Amino acid sequence: MKAFHAIVVGLGAHGSAGAAALARRGLRVLGLERFGRGETFGSSGGRSRIIRVAHYEDPIYAPLARAAWDRWLELESETGAAILTRTGGLYAGPPDSALVRGAIDAAVTHAVGHEIIDSAEIRRRWPAFTPAPDAVGVVEDLAGLLDAERANAAHLLVAERAGAELRFGARVLEWRPAAGGGLEVETDDGTVAVADHLLLAAGPWVGDFVPDLGLPLVVERQPVCWFAPAVQAADVGVGRLPIWLMATEDGTFYGFPNDPELGLKVSHHHSGVSVDPDEVDREVRPADVDRIRAFIRERMPAADGPLTTSRVCLYTNTPDDRFIVDRHQAVSGIAFASACSGHGFKFAPIIGDILADLAITGETAWPIEPFRADRFHR
Ligand SMILES: Cc1cc2nc3c(=O)[nH]c(=O)nc-3n(C[C@H](O)[C@H](O)[C@H](O)COP(=O)(O)OP(=O)(O)OC[C@H]3O[C@@H](n4cnc5c(N)ncnc54)[C@H](O)[C@@H]3O)c2cc1C
């Protein structure tokens with residue numbers, strides 16, 4: 001008898017959720033993570049991720065985000081962890097920007113409650129912002145922030161409670177079909193584990209595990225900064241400020257209400273350079289901060305306090321910015337995901353379920369056609 005039914009490679013947002021999904025279904029799960037528990041060299045670290053339903057990138061995300069919202073609440077009930085804070089969302093920019101048009105499109109297509117307001121009304125509601133005079137704001141109620149560290153820990157807790165074995169500091173070298181059937185996974189300490197099902201959720205490194213599929217993934221260095229508020233902290237805290245995205249001539253910026261310990265998180269979405277995830281410069285450089293500071297001075301002076309902290313995170317992007325979530329067509333029992341492009345965290349409970357479905361049965365009831373890996377080669 002094999003010691004495990006399923007092996008999960010990578011315990012970031014999606015691997016953790018996948019391990020939880022498999023373990024909930026009664027499978028004996030082995031989770032393997034290259035770095036330490038809670039370490040953040042992939043894409044899932046830190047405290048805050050945005051969850052929004054009127055997803056400007058593509059209307060296909062709205063139903064998934066709604067479902068994910070409910071799943072995060074269920075995970076809170078299941079584990080007692082405080083993960084989701086509802087703040088509402090503001091998506092502001094020129095009326096013809098992809099951000100504003102896309103958010104309205106998603107909201108209208110999927111009957112997501114929203115309001116459209118002008119620049120003066122944005123300033124009146126949230127004096128922290130100074131949008132351009134011609135800016136338009138899409139305001140969404142069903143938006144908020146997810147505590148990423150707690151979310152991952154909660155999924156791991158669910159997996160472990162259901163009997164999963166999780167190994168940290170265990171770098172997977174390769175998988176191969178096992179001579180006696182099933183799939184063999186080898187780690188850098190020389191251990192070989194065998195199981196029937198394999199979930200590949202290695203984030204920026206996932207392509208290394210399915211080189212034959214030629215996944216067109218590009219990893220992007222993404223600096224993130226926190227600034228002390230230049231106004232009363234209470235005026236820009238949770239309950240006062242929504243999560244927000246703002247499109248400008250210099251690109252799209254986003255941020256969160258003030259975190260009492262860290263400050264106001266502000267980042268320049270998709271501003272980074274393409275990198276090798278093993279070689280990336282993990283230091284935030286003055287030029288990284290200057291770009292964000294220039295935005296703050298023009299459009300969010302309330303965040304113009306001293307830089308309090310910063311870090312470099314990784315986006316894993318596809319050419320069409322849609323996720324890749326699929327099963328291996330040539331080897332049964334294997335599912336893999338690259339659900340990032342800078343907006344994948346919120347979907348983790350759903351992606352975990354999809355991965356478990358695909359690894360166990362090869363099929364899923366979730367609508368994953370837009371995420372199939374072979375779309376780039378069709
Ligand atoms: C700065 C930033 C901001 C973001 N903001 C948002 C947001 O507001 N809202 C949102 O929805 N999404 C957001 N995202 C995207 C989201 O965080 C990612 O989509 C998500 O975290 C991806 O999770 P993952 O599990 O696929 O990858 P990862 O978190 O990278 O996890 C992969 C794991 O695999 C492990 N691994 C790799 N190779 C091996 C190996 N050989 N052996 C064992 N383990 C291995 C890695 O160590 C890693 O822990 C943001 C991302 C970044 C970087």
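Is Phe 35 buried, partly exposed or exposed? At 21% relative accessibility, Phe 35 counts as partly exposed, where buried means under 20% relative accessible area, exposed over 50% and partly exposed in between (1.4 Å probe, protein chains only). The model is predicted, so local features need pLDDT of at least 70 and side-chain atom pairs count only at pLDDT 80 or more, while totals for chains, interfaces and linings use all residues. Residues are numbered from 1 along each chain as its sequence is written, and side-chain values use heavy atoms, with hydrogens and water left out.

A search of the whole structure finds 12 aromatic pairs; rings of Phe, Tyr and Trp (its six-membered ring) pair if their centres lie within 6.5 Å, and planes under 30 degrees apart count as stacked, over 60 as edge-to-face and the rest as tilted. The ring centres of Phe 35 and Phe 41 are 4.6 Å apart with planes at 50°, so this pair is tilted. Phe 41, at 33% relative accessibility, is also partly exposed. One aromatic cluster is formed by Tyr 61, Phe 323, Phe 347 and Phe 371.

Helix 2 (residues 61-79) and helix 5 (residues 148-161) have axes that come within 10 Å and cross at roughly 60°. Helices here are DSSP runs (H or I, at least four residues), numbered from the N terminus, and axes are lines fitted to C-alpha atoms over the stretch in contact, with angles from 0 to 180 degrees between N-to-C directions. The two helices are therefore oblique to each other (angles under 35 degrees count as roughly parallel, over 145 as roughly antiparallel, 65 to 115 as roughly perpendicular and the rest as oblique).
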